[in-house]
Amino acid sequence: MEIDEDKIDDAVLALLHLTLCEDGRAWKGFAWEVMNRLHVKGMIYNPIGKAKSVGLTEEGLRRSKDLFDHLFAKSK
């Protein structure tokens with residue numbers, strides 16, 4: 001099976017929205033490969049370091065909310 005890494009990245013970005021704090025940081029407990037791709041795409045700041053959280057860029061914050069709503073909101 002071929003994996004669509006863009007779909008994985010979107011799902012992780014949406015899930016980062018779940019742990020998002022007021023300061024725009026979220027827990028980074030996802031695969032390093034995915035976090036690196038999100039960094040390369042400009043969705044998060046550099047995930048490398050000892051911090052257990054990562055900052056989302058302005059675009060990352062917007063897209064994480066949009067993806068979260070699209071993937072997980074119940075239809076009315």
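Let's start with Asp9, which sits in helix α1, residues 5-16. Helices here are DSSP runs of H or I with at least four residues (strands would be E runs of at least two), numbered from the N terminus. A quick word on what you're looking at: this is a predicted model, where local features need pLDDT of at least 70, side-chain atom pairs count only at pLDDT 80 or more, and totals for chains, interfaces and linings use all residues. Residues are numbered from 1 along each chain as its sequence is written, and side-chain values use heavy atoms, with hydrogens and water left out.

Is Asp9 buried or exposed? Asp9 has a relative accessible area of 1%, so it counts as buried (buried is under 20%, exposed over 50%, partly exposed in between, with a 1.4 Å probe and protein chains only). The side chain of Asp9 makes a polar contact of 2.7 Å with that of Arg37. A polar contact is a pair of N or O atoms within 3.5 Å; within protein, one must be able to donate a hydrogen and the other to accept it, and residues adjacent in sequence count only if both atoms are side-chain atoms. Skip the residues up to four places away in sequence, and Asp9 touches Val34, Arg37, Leu38 and Lys41, where contact means heavy atoms within 4.5 Å.

## The nonpolar core

The largest nonpolar core has 14 residues, and those touching the most other members are Val12, Leu13, Leu16, Met35, Leu38, Ile44 and Leu56. Such a core is a set of buried Ala, Val, Leu, Ile, Met, Phe, Trp, Tyr and Cys residues joined through side-chain atoms within 4.5 Å. Two or more residues come from each of α1, α2 (32-40) and α3, with α1 giving the largest share, four residues.

Take Val12: beyond its neighbours within four places in sequence, Val12 is in contact with Phe30, Val34, Met35 and Leu38.

## Phe72 and the ring pair

Phe72 belongs to helix α3, residues 58-72, and is partly exposed at 42% relative accessibility. Leaving out neighbours within four places in sequence, Phe72 contacts Ala14 and Leu15. Phe72 and Ala14 are 58 residues apart along the chain, yet their C-alpha atoms are separated by 8.7 Å.

How many aromatic pairs does a search of the whole structure find? The search turns up one. The ring centres of Phe68 and Phe72 are 5.3 Å apart and the planes are at 55°, so this pair is tilted. Rings of Phe, Tyr and Trp (its six-membered ring) pair if their centres lie within 6.5 Å; planes under 30 degrees apart are stacked, over 60 edge-to-face, and the rest tilted. Both Phe68 and Phe72 lie in helix α3, four residues apart, or about one turn of the helix.
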